[in-house]
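Good morning, colleagues, and thank you for making time for this presentation.

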Amino acid sequence: MPIGSTPLPRPPAAPPARTPAAPSSRTTAPAAPPSRPGKSVRPAARPEWLALKTHAVKVGPMHLRDMFKADDRRGSKMCAEAMGTGIYLDYSKNRVTDETLQLLFKLAAASEVTQKRDAMFAGHKINTTENRAVLHVALRAPKTATINVDGRNVVPDVHAVLDQMMAFAGKIRSGEWRGNSGRRIRNVINIGIGGSDLGPVMACEALKAYSQRELTFRFISNVDGADFHEATRDLDPGETVFIICSKTFTTLETLTNANAAKQWVVTTMRDPKAVAKHFVAVSTNEEEVKKFGIDPANMFRFWDWVGGRYSMDSAIGLSTMIAIGPENFRAMLAGFHAMDNHFRTAPAERNLPMLMGMLAIWNNNFLFGAETVAVLPYSNYLKRFPAYLQQLTMESNGKHIDLEGMPVAFETGPIYWGEPGTNGQHSFYQLIHQGTRLIPCDLIGFCQPVDGSSAEQHDLLMANLFAQGEALAFGRTPEQAIADGVPAALAPFHVCQGNRPSNTLLAEKLTPQTLGALVALYEHMVFVQGVVWNIDSFDQFGVELGKHLAKGTAAEIAAPRAAKTTRDSSTSALIKRYQRFRKAT
């Protein structure tokens with residue numbers, strides 16, 4: 001069926017039998033998440049949710065062409081700017097009316113988004129499955145702020161680590177820090193995985209124009225030995241420092257790569273003491289850090305109230321600070337904090353995280369059943385931003401159990417993906433414009449380049465961004481195709497139905513402050529969605545099962561002879577085949 005005449009929204013799948021989820025085996029988690037006041041009504045049973053379902057039937061047949069014709073001020077009305085951040089949001093190309101927005105805000109109010117937001121900022125333990133506070137906002141709070149966790153103000157601890165990071169970054173950047181052989185450090189390699197890798201990789205790439213170019217920055221995350229080999233093959237260990245990022249200093253993938261780095265340094269330099277000059281740690285486990293050979297004075301701490309995917313502005317960002325310098329890092333923190341303040345204070349109708357979060361819920365749960373969101377930054381520096389958002393959004397809201405331990409009765413976290421424009425235009429935009437799937441898009445652009453590009457070249461880049469938003473919304477009719485010179489027989493093949501929703505995010509320039517604000521915007525958007533869906537956006541138990549099984553699988557692979565196994569026939573056969581061919585090589 002053409003997108004221009006969208007079918008009625010599909011009804012939500014019938015909820016599974018209400019069998020409570022099994023309690024976590026983690027000792028830090030309560031046996032079952034406590035019931036919370038105001039959450040006795042499940043989201044899909046709320047009157048506000050039901051009102052949106054009814055409203056979607058009315059909005060479904062509407063086309064954006066007609067919405068814009070009916071209101072020539074739509075483009076200037078359906079927009080908002082986060083003051084102090086420089087980020088402007090145009091959401092007029094979403095299939096919404098003024099009534100839609102009011103109904104969405106009523107759902108947010110009934111879900112107690114503002115109350116939960118205030119509880120997060122106050123240090124309450126809103127991560128109920130792990131009984132933890134969620135305080136990435138404390139990482140960018142000013143020194144004068146007071147944010148208590150268990151009766152302790154954590155802000156002084158945050159700034160103490162920041163000062164430690166600044167001192168170390170200054171020594172690397174100035175050449176004061178010397179390797180074991182007395183030579184200057186010229187290469188910085190971050191070893192981590194997940195949030196200990198994706199954030200620093202993205203930030204260093206995004207802010208490359210501000211980095212100290214005589215230093216080389218690389219990142220190792222994959223347990224595949226090829227990742228380590230390619231990152232180090234052309235480097236001198238005597239000029240290289242490794243930042244090992246692991247909260248517990250026991251993460252299997254990270255420690256495997258850390259030990260490979262240790263062997264590389266010690267074997268090449270023929271001195272076990274070289275570890276102290278070529279390794280630092282971002283961790284909470286001082287004992288394991290010392291065992292590795294790292295001086296505890298070179299361990300940078302963070303806290304259990306910082307989730308990995310929310311940690312790029314903590315000590316996990318040490319590589320970023322070394323790359324762009326302490327002052328630029330502080331500017332990035334200021335951008336984070338400005339968006340935090342906007343989220344806390346702006347009314348719903350002008351609140352960017354609230355608007356983006358609720359519009360995503362509208363597309364996902366009511367009008368479209370949209371399964372994915374494409375993030376399309378028109379800046380090559382942001383080429384790793386979609387990958388960063390994949391973890392932030394999908395690890396946070398990829399949940400099928402609500403806070404009461406019951407199966408959810410609707411779709412939660414959509415799949416996030418994307419590539420920078422204009423590359424994506426010659427790859428997957430064909431499916432977005434003419435395919436059968438409905439894919440909402442976030443288009444991100446900047447009014448000024450940061451790299452000295454000519455005005456003409458940057459104008460062309462931005463012309464493509466604006467044109468894509470226009471094409472997604474309004475498409476191309478057969479009559480327009482023929483008027484453009486397309487033969488009538490071929491006109492159907494040139495039709496684009498349009499009516500495909502998009503947000504456009506526009507900022508003056510990609511600066512450290514802008515990047516911080518942009519990341520915080522998506523952090524808080526995720527939070528809004530999680531509250532409305534009544535799920536815990538801050539645990540990630542689904543990540544652990546495969547890692548747990550891999551330990552047993554590794555032991556079975558390493559066994560000198562075939563051992564009895566309780567594994568399924570497929571996995572057992574694959575292991576045996578792997579062992580046979582591994583021995584052959």
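Helices (H or I, at least four residues) and strands (E, at least two) are taken here as DSSP runs, numbered from the N terminus. What you see is a predicted model, in which local features need pLDDT of at least 70 and side-chain atom pairs count only at pLDDT 80 or more, while totals for chains, interfaces and linings use all residues. Residues are numbered from 1 along each chain as its sequence is written, and side-chain values use heavy atoms, with hydrogens and water left out.

I begin with the overall form. The chain contains 22 helices and 13 strands. The C-alpha trace spans about 75 × 60 × 60 Å along its principal axes.

Contact means heavy atoms within 4.5 Å. Among contacts between residues at least 6 apart in sequence, 75% join residues at least 24 apart.

How much of the chain is buried? I use buried for under 20% relative accessible area, exposed for over 50%, and partly exposed in between, with a 1.4 Å probe and protein chains only. Buried residues account for 52% of the 585.

I turn now to the interior. A nonpolar core is a set of buried Ala, Val, Leu, Ile, Met, Phe, Trp, Tyr and Cys residues joined through side-chain atoms within 4.5 Å. The largest such core has 127 residues, of which Trp305, Ile322, Phe385, Leu515 and Tyr522 touch the most other members. Helix 20, residues 512-533, gives the most to this core, with 14 residues. A second, separate core numbers 23 residues, among them Phe242, Ala261, Phe292 and Met299.

With neighbours within four places in sequence left aside, Tyr522 is in contact with Met356, Phe385, Leu389, Leu392, Asp442, Ile444 and Leu505.

Helix 14, residues 352-367, is mostly covered, with 16 of its 16 residues buried. Just after helix 14 comes Gly369, with a positive phi of about 65°.

The relative accessible area of Ser502 is 2%. Not counting residues up to four places away in sequence, Ser502 touches Asp90, Lys93, Asn94, Cys441, Leu443, Gly469 and Leu472.

Finally, the backbone. Most residues other than glycine have a negative phi, and most peptide bonds are trans. Which residues are joined by a cis peptide bond? They are Gly421 and Thr422, where omega is about 10°. Thr422 is found in the loop between strand 11 (415-417) and helix 16 (429-434).

Asp150, which is not a glycine, has a positive phi of about 55°. Asp150 sits in the loop between strand 3 (148-149) and strand 4 (152-153), and Asp150 is exposed, at a relative accessible area of 64%.

Arg270, also not a glycine, has a positive phi of about 55°. Its place is in the loop between helix 9 (252-269) and helix 10 (275-278). Is Arg270 buried or exposed? Arg270 is exposed, with a relative accessible area of 77%.
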